[in-house]
Amino acid sequence: MTAPLPIGDFRFIALDVETGCGDSASICQVGLACVRVDHTIETWSTLVDPQMPFAPFNIDLHGIGPYKVRHAPNFAGIWPDLLPLLARHPLVQHSRFDEHAINAACRAHGLPRPKLAWNNSVTIARAAWPELKGKGGHGLGNLKTVLNLDFRHHDAEEDARAAAQVVLRAEQHLGASAAEIAPVLAPFQLSLPL
């Protein structure tokens, strides 16, 4: 691990990954945004050696290539430290990609599939801003503009922070707690029914 993981109890943790190629298991960066009860956000990220070739498209998208992960641990090297933190908190992802990537990386490394409480900030954004459907949608790129969020897209730590901010802004916009918007997040949980 490059930096110590955040410690303590959080309302929820937003998680984002970047991948090195079209294979979902090719995680090359993991980012977390840990949201405390007072809405402060503590972020964390690490590079990961996906142990497979990088695709030029992915390198162009996020700027991570073989040279950047040369001394980074592989997924199996970081997962035992990450899992206890993630398993005891509700997780937020922006779309279902991150959950699929984590599960694929676990399979690729012979690790058991984790039992994690996933929530989707896209679903939460749709509940808060239904008017965006057909007008740029609920992706992070459009929400960045509409909500005036300040983050570097396609950096796992930054995207995780943005997903956390989307949830917090949705709560503010709707005048509801995340637990009301997404009952799985209560009291430390969030998830809208699909």
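**View 1. Asn-74 sits at the start of helix α2.** Here a side-chain oxygen of Asn-74 comes to within 3.1 Å of the backbone nitrogen of Ala-76. That's a polar contact: a pair of N or O atoms within 3.5 Å, where, within protein, one must be able to donate a hydrogen and the other to accept it, and residues adjacent in sequence count only if both atoms are side-chain atoms. Helices (H or I, at least four residues) and strands (E, at least two) are DSSP runs, numbered from the N terminus. A quick note on what you're looking at: this is a predicted model, where local features need pLDDT of at least 70 and side-chain atom pairs count only at pLDDT 80 or more, while totals for chains, interfaces and linings use all residues. Residues are numbered from 1 along each chain as its sequence is written, and side-chain values use heavy atoms, with hydrogens and water left out.

**View 2. Helix α2 has a kink and a set of buried residues.** The kink, about 40 degrees, lies at Asp-81, shortly before the proline Pro-84. That bend is the angle between axes fitted to the seven residues ending at a residue and the seven starting there. Phe-75, Ile-78, Trp-79, Leu-82, Leu-85 and Leu-86 are buried; buried means under 20% relative accessible area, exposed over 50%, and partly exposed in between (1.4 Å probe, protein chains only).

**View 3. Pro-66 lies in the loop between α1 (56–62) and α2 (75–87).** Is Pro-66 buried or partly exposed? Pro-66 counts as partly exposed, because its relative accessibility is 46%. Leaving aside residues up to four places away in sequence, Pro-66 touches Phe-54 and Ile-59, with contact meaning heavy atoms within 4.5 Å.

**View 4. Cys-34 and Cys-106 are both buried cysteines.** Each has a relative accessibility of 0%. The whole structure has zero disulfides, a disulfide being a pair of cysteine sulfur atoms within 2.5 Å. The closest cysteine sulfur to that of Cys-34 belongs to Cys-106, and at 18 Å it's too far for a bond.

**View 5. Helix α4 (residues 121–128) is largely enclosed by the rest of the structure, because six of its eight residues are buried.** Those are Ser-121, Val-122, Thr-123, Ile-124, Ala-125 and Ala-128. At the start of α4, a side-chain oxygen of Asn-120 gets to within 2.9 Å of the backbone nitrogen of Val-122.
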